[in-house]
Each structure stands twice: as C-alpha cells, then as structure tokens.
Amino acid sequence: MRRVVVVGASAAGLTTAEALRRQGFDGLLTMIGDERHPPYDRAPLSKQILTGQWGPEHLRLRPESDIEALDLDLRLGVAAAGVDRARRTVAPADGSTVPYDTLIIATGVRPRPFPGGRGIAGVHVLRTQEDAVALRDRLGSGRRLVIIGAGFVGTEVAAVARRRDVDVTLVESAAQPLARIIGRDAGRFLTGIHRERGVRILTGVRVAALDTAGDAVSGVRPEDGRLLPADDVLVAIGSLPNTDWLRGSGLDMGDGLVCDVFSRCAPGVYAVGDVAHNLLNPADAQPFAPVPYFWTDQCEVRVQAHGYLPGHAESAVLDGDLAQGRALIGYSRGRHLTGVLAIGMPFGAVRAWRTAVARRTEWAAAASLPAPA
Amino acid sequence: MKVHIDEHRCVAGGQCVLVAPDVFDQREEDGIVVLLDDSPASDKAGELQEAVVVCPAAAIRLDQA
Ligand SMILES: Cc1cc2nc3c(=O)[nH]c(=O)nc-3n(C[C@H](O)[C@H](O)[C@H](O)COP(=O)(O)OP(=O)(O)OC[C@H]3O[C@@H](n4cnc5c(N)ncnc54)[C@H](O)[C@@H]3O)c2cc1C
Ligand code: SF4
C-alpha cells in the first residue's frame with residue numbers, strides 16, 4: 001500500500017491520516033477537502049462562535065506545524081467529483097486524476113435542506129464556519145428567529161439566541177423535542193429549561209412553507225395555516241450523507257456508506273466519521289471496547305452521553321433527580337446497560353457509570369442499584 | 001516529551017483518561033482534564049498520540065522533544 005487518498009478534510013479525515021502516520025505508513029498521503037480551511041472543529045459553531053466568545057481562528061483542530069508534520073499532499077478548496085473503482089482513481093473537480101491503493105471516504109454530512117429555502121436571504125443552515133459567522137451577525141436584541149427542527153443543533157442555537165435577547169420560536173414536528181434519542185423524561189426536562197428561558201416551542205407542528213418579502217424571508221407557515229413572522233429562519237431538520245459524488249461507483253449507500261465494523265465498505269475502500277454507517281451492533285460490542293461519547297450544551301446545562309442511546313429499549317433515572325435539575329439516566333438494549341446520559345451531574349458521579357457501560361453491566365442490576373461502587 | 005492541555009477547550013468527556021490513565025485525570029466536580037504528568041517517559045508516546053486523536057475538542061498538544 002503506497003498511496004492513500006483521504007477525501008474530506010475534517011475531524012475524521014484528519015484523525016485517520018494521523019493514525020496512518022503513527023502506524024508507520026510512509027507512502028504518499030493525499031487529502032482532498034472542498035472547504036478552504038484546514039481541518040476545524042464544528043461543535044463550537046453552535047456554541048462559542050454564536051455567542052461571540054470565540055472567533056473562527058479558534059476552531060483549528062491542529063496547529064499548522066502538526067499538519068505539516070503529517071507530510072500530506074493537501075488539496076483544499078477542491079471537491080472530489082467521482083471515483084473510478086476499476087482504475088482506482090479519484091477525480092477532483094479541478095480535472096486532475098489521483099490514483100490510490102486505499103481510498104478513505106470522510107466526507108461527512110450536510111444539512112437536510114428545507115424545500116424551496118435555498119437562495120432566500122435570511123434562511124440559514126449551520127454546518128460550516130461561514131454559516132456560523134453569518135448567523136452570529138444576525139442575532140441581536142428584538143430580532144425574530146424561527147428555528148425549524150428541535151434537535152441538538154436547533155436547541156443549542158435557541159439557547160444562545162435567547163441569551164442575546166432574540167425572540168426565538170422553535171418548531172418541531174415530533175410530539176416532543178429530542179425524545180427519540182434521549183427518551184421522554186430527559187426530553188421533557190430539557191424542553192422545560194428552554195421554555196423557562198423564554199423560547200417559544202411549538203411541538204407536533206409541521207412547517208409547510210416559507211413566506212418571503214422581496215428576496216428575503218419574512219415568516220414561516222406551519223400546515224395549520226398560521227404565520228410565524230421571522231427576520232431569520234434556521235433550518236435544522238437533520239442531515240444527509242455527502243455521498244452524491246460517489247454515485248455510479250457501485251458502493252452501497254443507504255443511510256450513509258455501508259461498511260463493516262472495520263470501516264471497510266469494499267476492497268481498498270473505507271468510510272470513517274459521520275458519512276459511515278457502521279454495521280455495528282452495540283448488543284454484541286466487545287467488552288471494554290471504546291465507549292462513544294457525545295455532549296451538548298443546553299442553556300447552562302452540560303449534557304453528556306456515554307455509549308449508545310438511540311433505539312434504546314428502556315430508560316430509567318439511575319442517580320440524581322430530574323426535578324432537581326441533575327440526573328443520570330441509563331439506557332438498555334437487550335439485557336445490558338448500553339448508555340448513560342448525564343444532565344448537570346458532577347463528574348465524580350458519572351465516572352463509575354461510564355465504566356459500568358464499558359463493562360456492559362446487566363440492565364437489571366444497573367437499574368436496581370442506587371449507584372455503582 | 002511535553003504534554004500541554006487547554007482547559008478552556010476541554011469538554012470533559014474523559015476520552016483521554018481512557019487511553020492514558022497515568023497521564024490524564026478529570027476534576028471530580030466538572031470533569032475538566034487534569035494533567036498528572038506533563039513530561040511522561042517516551043514509552044508513553046503511543047498512548048499520548050492516541051489521546052490527541054481521540055480528544056474531541058483538540059485540547060491536547062504534544063511537544064516531541
Ligand atoms: C453546528 C454543529 C454542532 C455540533 N455539536 C456537536 C457537539 O456538541 N458534540 C458532538 O459530539 N458533536 C457535535 N457536532 C458533530 C461533529 O461536528 C461531527 O460529528 C464531526 O464534524 C464529524 O466529522 P467528519 O469528519 O465525519 O465530517 P465533517 O466534519 O462533516 O467533514 C466532512 C468534510 O468533507 C467535506 N466534503 C464533503 N464532500 C466532499 C467532496 N466530494 N470532496 C471533498 N470534500 C468533501 C466537507 O465539506 C467537510 O469539510 C456538531 C456539528 C455541527 C454542524
Ligand atoms: S479527551 Fe479532550 S476534551 Fe475530553 S477530557 Fe480529555 S482533554 Fe478534555
């Protein structure tokens with residue numbers, strides 16, 4: 001294996017390149033990314049960038065010198081337009097041809113668009129640093145922001161916007177925000193803290209259309225016919241895998257690139273990061289396998305998830321009390337504790353539960369214990 | 001080898017502690033990273049590079065020297 005091509009120059013592409021070099025790969029390592037920037041962190045886009053605490057220069061994932069040390073053939077600002085698996089070449093949009101022995105696909109996801117929303121001034125999505133800066137510059141006292149979709153991005157932005165005294169309406173088609181992932185009790189609790197801070201939350205409401213005045217958005221129209229006036233609209237209704245450039249490649253693209261537990265989707269082709277749809281069944285994960293981690297800041301409350309939550313069979317409060325604003329909730333699949341969610345809990349109380357998830361503790365035992373020793 | 005951490009970036013998930021428990025720990029109250037050893041022996045290099053990679057916040061830096 002002399003030539004590796006990584007497509008996508010963000011968190012997953014970068015860490016894969018680093019892992020290859022660390023394991024001693026000294027061949028040619030090409031990285032192709034359509035954004036102009038060196039790899040940057042997206043999590044702060046809906047947090048420190050929107051509040052104004054950080055400028056975009058804080059987002060870099062590595063200092064320049066670390067990127068240089070990887071000795072990459074780094075091609076930024078150019079998209080990969082196609083792949084020829086028979087010839088083992090990638091075609092960047094600049095017309096060149098790049099051969100590979102191993103191809104690593106790390107193209108991530110993009111926001112699911114709202115039909116007809118593109119090109120209307122004041123309609124935003126949040127994925128890139130340009131998106132975040134554009135939205136930040138529109139958040140001001142008394143302005144009206146309607147957010148379509150109350151997932152993690154929508155709710156984080158709602159909280160920041162309220163802090164900047166924006167009039168915020170969050171529109172969600174499900175009966176309860178976040179419930180599908182974190183369960184009803186935790187979803188209800190987080191909804192409550194947003195309402196307390198003055199976010200107007202409409203649930204069970206589907207948006208039918210956007211209203212415009214000239215070329216700018218002026219409001220959002222739910223299916224029930226009312227009008228929600230808006231100066232700005234954020235579309236945060238989930239994401240789509242960036243696999244369009246692989247059309248015709250014969251790779252299996254369902255809800256992302258389908259690959260096995262070793263990230264392999266075809267001979268010589270691997271998918272990593274958000275674009276990958278690993279055929280990984282948490283129920284037969286290995287003991288002591290790394291525990292996935294996710295966090296979100298919901299108003300001042302830090303919410304952390306260790307392990308697997310979506311698709312859980314049961315959930316139960318294992319420690320603390322949601323009524324007090326601090327709780328640790330456990331989630332099961334099969335007979336095991338597969339994930340925990342910590343809401344506003346001191347870390348000392350979370351540590352042992354993280355180990356309990358890694359050890360795949362029996363659910364019955366976890367749910368009946370006051371706290372693990 | 002020198003290890004640097006940036007507490008302001010740290011998001012307190014503790015991925016670093018899972019890979020290099022002799023070098024990193026977390027504060028009891030908020031889980032922010034604590035450096036137990038800022039110049040670990042060179043046999044720790046592998047673990048430390050792994051910690052840099054798994055840190056979701058780019059809060060860990062290594063100075064190879
Ligand atoms: C606003 C926001 C807030 C978030 N907050 C959190 C959080 O609090 N906690 C958390 O755990 N996670 C959070 N995330 C998720 C986290 O940022 C992602 O999981 C992470 O960015 C995934 O990295 P990736 O490298 O797989 O994909 P991406 O970061 O999406 O990178 C893919 C890259 O590939 C490029 N690309 C796409 N197609 C092509 C092509 N054809 N050719 C070349 N390049 C291409 C893209 O432009 C992009 O630069 C957040 C994400 C967003 C957007
Ligand atoms: S892995 Fe990074 S973000 Fe997580 S606790 Fe360690 S230093 Fe902090």
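## About the model

This is a predicted model, in which local features need pLDDT of at least 70, side-chain atom pairs count only at pLDDT 80 or more, and totals for chains, interfaces and linings use all residues. Residues are numbered from 1 along each chain as its sequence is written, chains are lettered from A and ligands numbered from 1 in the order in which they are written, and side-chain values use heavy atoms, with hydrogens and water left out.

## Around ligand 1

Let us start with the ligand. Ligand 1 has 28 residues around it, and A:Asp34, A:Glu35, A:Arg42, A:Lys47 and A:Arg127 come nearest (a residue is near a molecule or strand if one of its heavy atoms lies within 4 Å of it).

On its own, ligand 1 has 990 Å² of accessible area, and the protein covers 87% of it (Shrake-Rupley method with a 1.4 Å probe; for residues, only the protein chains shown count as cover). Helix 1 (11-22), strand 2 (28-33) and strand 23 (293-298) of chain A each give two or more residues to the shell. Helices (H or I, at least four residues) and strands (E, at least two) are DSSP runs, numbered from the N terminus.

## The six-stranded sheet

Six strands of chain A make an open sheet in the order 3-2-1-7-21-20, with mixed pairing; two strands pair if DSSP finds at least two bridges between them. At the edges are strand 3 (73-76) and strand 20 (264-266) of chain A, each pairing on one side only. From one strand to the next, the twist averages 20°.

Strands 2 and 3 of chain A pair in the parallel sense over four bridges, and in strand 3 the bridge partner of A:Met31 is A:Leu74. Helix 1 of chain A lies across strand 1 (3-7), strand 2 and strand 7 (102-105), at about 175° to strand 2. Axes are lines fitted to C-alpha atoms, for helices over the stretch in contact, and angles run from 0 to 180 degrees between N-to-C directions; contact means heavy atoms within 4.5 Å.

## The five-stranded sheet

Another open sheet in chain A has five strands in the order 23-24-27-26-25, and its pairing is antiparallel. Strand 23 and strand 25 (314-321) of chain A each have a single partner strand, so one side of each is left without a neighbour in the sheet.

Strand 25 and strand 26 (residues 326-333) of chain A pair in the antiparallel sense over seven bridges; A:Asp321 has A:Arg326 in strand 26 as its bridge partner. Helix 8 (residues 347-358) of chain A packs on the sheet, touching strand 24 (301-307), strand 25, strand 26 and strand 27 (336-343). The direction of helix 8 makes about 155° with that of strand 27 of chain A.

## Two hairpins

Back to the opening pair. Strand 4 (residues 80-84) and strand 5 (residues 89-92) of chain A run antiparallel, joined by four bridges. They form a hairpin with four residues between them, and A:Arg88 in the turn has a positive phi of about 55°.

Strand 5 of chain A also forms a hairpin with strand 6, with five residues between them. Here A:Gly95 in the turn has a positive phi of about 95°, and A:Thr89 stands opposite A:Pro99.
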